[in-house]
Amino acid sequence: MARKKLIRFADNEIAKNVIESNKSLYSTVKGNWNKDFFHNDNPITLELACGRGEYSVGLAKQYPDRNFVGVDVKGDRFWVGSNEATENKLENVCFLRTYIQNLEQFFAPKEVNRIWIVFPDPRPKEGDRKRRLTSTRFLSMYQRMMPEGGWIHFKTDNEPLFDFSLQQIAKYPTENLEFTRDLYNSPLAEDHFGITTKYEKIFENKGFKINYVKFFLKGIL
Ligand SMILES: C[S@@+](CC[C@H](N)C(=O)[O-])C[C@H]1O[C@@H](n2cnc3c(N)ncnc32)[C@H](O)[C@@H]1O
């Protein structure tokens with residue numbers, strides 16, 4: 001394994017803002033995030049497929065009265081966000097290393113207030129539909145972890161994934177659904193929060209437009 005990755009993994013093992021399989025909170029945090037980790041009653045936002053955790057850290061700076069958890073299976077990527085949060089003394093950010101399909105092992109029903117899904121892997125193969133993070137399998141799981149009226153935000157450069165996602169969302173009763181196929185040139189542009197992720201920059205530089213939808217689900221399939 002590359003030396004840089006090994007150093008990052010070693011840092012994650014001692015980082016207070018990283019929860020992964022060798023940490024005690026890993027098996028006890030479900031239902032206890034605010035009591036045992038954040039030590040307040042503030043609402044929790046998840047950033048799924050967080051990569052370097054740009055939204056978790058960026059929003060945590062803008063909203064000190066909210067808590068943020070970045071989730072990704074690749075610890076060497078969120079090492080970047082973990083370090084930035086530590087350097088900026090942000091106590092309202094945490095990174096959880098797990099597969100997103102296992103989220104209900106870590107969050108109790110209604111424990112999550114809001115979810116951002118930011119440039120997830122498009123998984124274009126037909127056989128991978130259920131592995132896309134906006135498939136009904138995942139949307140129903142997100143809904144179980146949120147109270148009714150919990151916002152879901154989704155950004156992607158990938159048009160086929162965006163079309164698929166809108167079709168999946170349409171299977172639910174929703175409220176306040178708004179979307180754009182060109183976020184920066186739309187009335188929803190302020191939902192950008194001035195935060196650009198690594199993958200967003202790559203695709204923007206290639207001339208791709210950013211698709212964005214926000215909504216909340218009113219029921220579970
Ligand atoms: C295309 S990258 C986007 C990273 C970041 N959001 C950005 O915009 O730069 C997708 C990320 O999702 C993570 N990922 C993909 N499938 C996942 C899963 N099922 N569970 C956890 N993480 C996953 C990958 O490890 C990767 O970091």
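Me: Why are helix 3 and helix 4 called roughly parallel to each other?
Reply: In this predicted model, the axes of helix 3 (residues 54-62) and helix 4 (residues 75-87) cross at roughly 20 degrees and come within 9 Å. Axes are lines fitted to C-alpha atoms, for helices over the stretch in contact, and angles run from 0 to 180 degrees between N-to-C directions. Angles under 35 degrees count as roughly parallel, over 145 as roughly antiparallel, 65 to 115 as roughly perpendicular and the rest as oblique. Helix 3 and helix 4 are therefore roughly parallel. Helices (H or I, at least four residues) and strands (E, at least two) are DSSP runs, numbered from the N terminus.

Me: Which residues make the contact of helix 3 with helix 4?
Reply: Glu-54, Ser-56, Val-57 and Ala-60 in helix 3 meet Gly-81, Glu-84 and Ala-85 in helix 4, where contact requires C-beta atoms, placed from the backbone, within 7 Å. By class, this contact has three nonpolar, two polar and two charged residues. Ala, Val, Leu, Ile, Met, Phe, Trp, Tyr, Cys and Pro count as nonpolar, Asp, Glu, Lys and Arg as charged, and the others, Gly among them, as polar.

Me: What makes helix 1 oblique to helix 4?
Reply: The axes of helix 1 (residues 3-14) and helix 4 cross at roughly 60 degrees. That value makes helix 1 oblique to helix 4. Lys-5, Arg-8, Phe-9, Asp-11 and Asn-12 of helix 1 form the contact with Gly-75, Asp-76, Trp-79 and Ser-82 of helix 4.

Me: What makes strand 1 and strand 7 edge strands?
Reply: Eight strands form an open sheet in the order 1-4-3-2-5-6-8-7, with mixed pairing. Strand 1 (18-19) and strand 7 (174-180) each pair on one side only. Two strands pair if DSSP finds at least two bridges between them. Strand 7 and strand 8 (residues 211-217) have five bridges, in the antiparallel sense, and Thr-174 stands opposite Leu-217 in strand 8.

Me: Which residues come nearest to the ligand?
Reply: Ala-49, Gly-51, Phe-119, Thr-197 and Tyr-199 come nearest, of the 18 residues around the ligand. A residue is near a molecule or strand if its C-beta atom, placed from the backbone, lies within 6 Å of it. Helix 7 (residues 198-205) gives the most to this shell, with three residues.

Me: How are residues numbered, and which confidence limits apply?
Reply: Numbering starts from 1 along each chain as its sequence is written. Local features need pLDDT of at least 70, and side-chain atom pairs count only at pLDDT 80 or more, while totals for chains, interfaces and linings use all residues.

Note on methods:
Contact = placed C-beta atoms within 7 Å.
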